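I am opening a notebook on a structure I have not looked at before. I will write down what I looked up, in the order I looked.

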Amino acid sequence: MSVRGVLLTAIALAFLALAIKCEHLAQQPLPKVVAITFDDGPHPVYTPKVLSILKRYGIKATFFLIGKRVEQFPEVARRIVAEGHEVGNHTYSHPTKLPEENWEQIRQEIEKCSEAIERVTGVRPKLFRPPRGFLNYKVLTLAQLEGYTIVFWTVSADHKDAPTPEAMAQRVFKLVHSGAIILMHDGRIPSRWKDVKALPLIIEGLLKRGYKFVTVSELFGLSKHNGKL
Ligand SMILES: [Zn+2]
């Protein structure tokens with residue numbers, strides 16, 4: 001067989017293997033689970049409110065923390081971990097446009113955040129969510145080199161079209177799906193009361209629809225283990 005023939009055969013086999021894998025995955029739908037995530041904390045007022053609501057329903061969530069805030073409110077950060085929630089890295093100072101920083105600044109933003117979280121809570125985060133979801137090759141490369149899993153979201157409860165807690169909940173019910181990662185906030189802008197008030201509405205509505213709640217790492221574990229908890 002010519003070199004070209006060998007190459008074409010190899011490509012065809014690779015596509016066949018991929019098709020079989022996709023087919024296999026399609027037969028293993030995720031169970032009805034969602035991961036609720038909170039960005040921009042810890043906050044001395046809103047985070048404890050959120051934690052109390054989660055405790056009331058026995059639900060574990062994932063908090064993407066700002067390193068500087070962890071240093072400001074260490075007790076709140078420790079409570080998040082003590083109550084069994086997952087923590088992720090959301091940079092040290094939450095730059096508005098992280099991709100526009102230089103390599104060293106980006107590296108420091110990520111590293112200083114993880115250092116602060118580990119120093120205060122004893123846990124080193126494995127997940128990274130870039131501020132505002134802004135990602136470019138520099139942020140992607142550095143986060144991957146340091147071994148982080150980059151996490152975005154599939155359903156944002158916070159949206160300009162959802163000005164009330166009720167509207168936030170309705171937005172989630174409209175967009176939710178098995179394996180959804182739901183974005184909410186517990187800090188950074190002056191008021192997060194809307195998120196706090198929307199949380200029990202969202203939880204109750206999703207429970208009624210048959211959803212279970214997991215952390216982001218549990219969710220990723222589910223997709224690796226063919227949907228088995
Ligand atoms: Zn943020």
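The entries below go from the whole chain to single elements and then to single residues.

**Entry 1: the model as a whole**

I noted to begin with that this is a predicted model. I looked up the confidence: the mean pLDDT of the chain is 90, and 84% of its residues reach 70 or more. I then found a stretch, residues 20-25, where the pLDDT is below 50. Beyond near neighbours in sequence, residues 20-25 have 0 contacts in the model. Where pLDDT is low, predicted coordinates should not be read in detail. I left that stretch alone.

I counted the elements next and got 9 helices and 8 strands in the chain. The chain has 229 residues, and buried residues make up 35% of them. I also checked how far along the chain the contacts reach. Of the contacts with a separation of 6 or more, 78% are between residues 24 or more positions apart.

**Entry 2**

I followed the strands from strand 1, which covers residues 33-41. One bridge I looked up pairs Gly41 with Leu65 in strand 2. I also recorded that strand 1, helix 2 and strand 2 make a right-handed β-α-β unit.

On its other pairing, strand 2 is joined to strand 3 by 4 bridges, and these strands also run parallel. Here Phe63 has Val87 as its bridge partner in strand 3, and Thr62 has Glu86.

Which way do the residues of strand 2 point? Thr62 and Phe64 point one way, Phe63 and Leu65 the other way, and all are buried.

**Entry 2: helix 4**

Helix 4 spans residues 74-82, and its buried residues are Val76, Ala77 and Ile80. Seen down the axis of helix 4, these buried residues fall within an arc of 100 degrees, so they line one face of the helix. I turned to the face pointing away from the buried side and found the exposed residues Glu75 and Ala82 there.

What do the buried residues of helix 4 pack against? I listed helix 2 (46-57), strand 2 (62-65), helix 3 (67-72), strand 3 (86-89) and helix 5 (103-121). After helix 4 comes Gly84, whose phi is positive, near 90 degrees.

**Entry 3: the nonpolar core**

The largest nonpolar core has 51 residues. I asked which of them touch the most other members, and got Leu65, Ala77, Ile117, Ala157, Ile182 and Ile202. Two of these names were already in my notes: Leu65 from strand 2 and Ala77 from helix 4. In soluble globular proteins, nonpolar side chains tend to be buried together.

I looked at Ile117 in more detail. Leaving aside neighbours within four places in sequence, Ile117 is in contact with Leu65, Gly67, Val70, Ala77, Val87, Asn89, Val123 and Pro125.

Pro131 sits in the loop between strand 4 (127-128) and helix 6 (137-145). Is Pro131 buried or exposed? I counted Pro131 as buried, because it has 21 C-beta neighbours inside 10 Å and the cut-off is 20 or more. Not counting residues up to four places away in sequence, Pro131 touches His90, Thr91, His94, Pro95 and Leu98. Pro131 and Pro95 are 36 residues apart in sequence, with 7.0 Å from C-alpha to C-alpha.

Phe134 is also in the loop between strand 4 and helix 6. It has 13 other C-beta atoms within 10 Å, so I put it down as partly exposed. Leaving aside neighbours within four places in sequence, Phe134 is in contact with Lys97, Leu98 and Pro99. I also took the separation of Phe134 and Phe152, which are 18 residues apart along the chain: 9.7 Å between C-alpha atoms.

Glu104 belongs to helix 5. With 9 C-beta neighbours inside 10 Å, Glu104 counts as exposed. The C-alpha atoms of Glu104 and Lys138 are separated by 10.0 Å, and these residues lie 34 residues apart along the chain.

Conventions. Residues numbered from 1 in each chain as written. Predicted model: local features only at pLDDT ≥ 70, side-chain atom pairs only at ≥ 80, totals over all residues. pLDDT = per-residue confidence, 0-100. Contact = placed C-beta atoms within 7 Å. Buried ≥ 20, exposed ≤ 12 C-beta atoms within 10 Å, placed from the backbone. Arc of directions from axis to C-beta. Core = buried A, V, L, I, M, F, W, Y, C linked by C-beta atoms within 7 Å. Pairing = 2+ DSSP bridges. Right-handed = clockwise from strand over helix to strand, strands pointing away.
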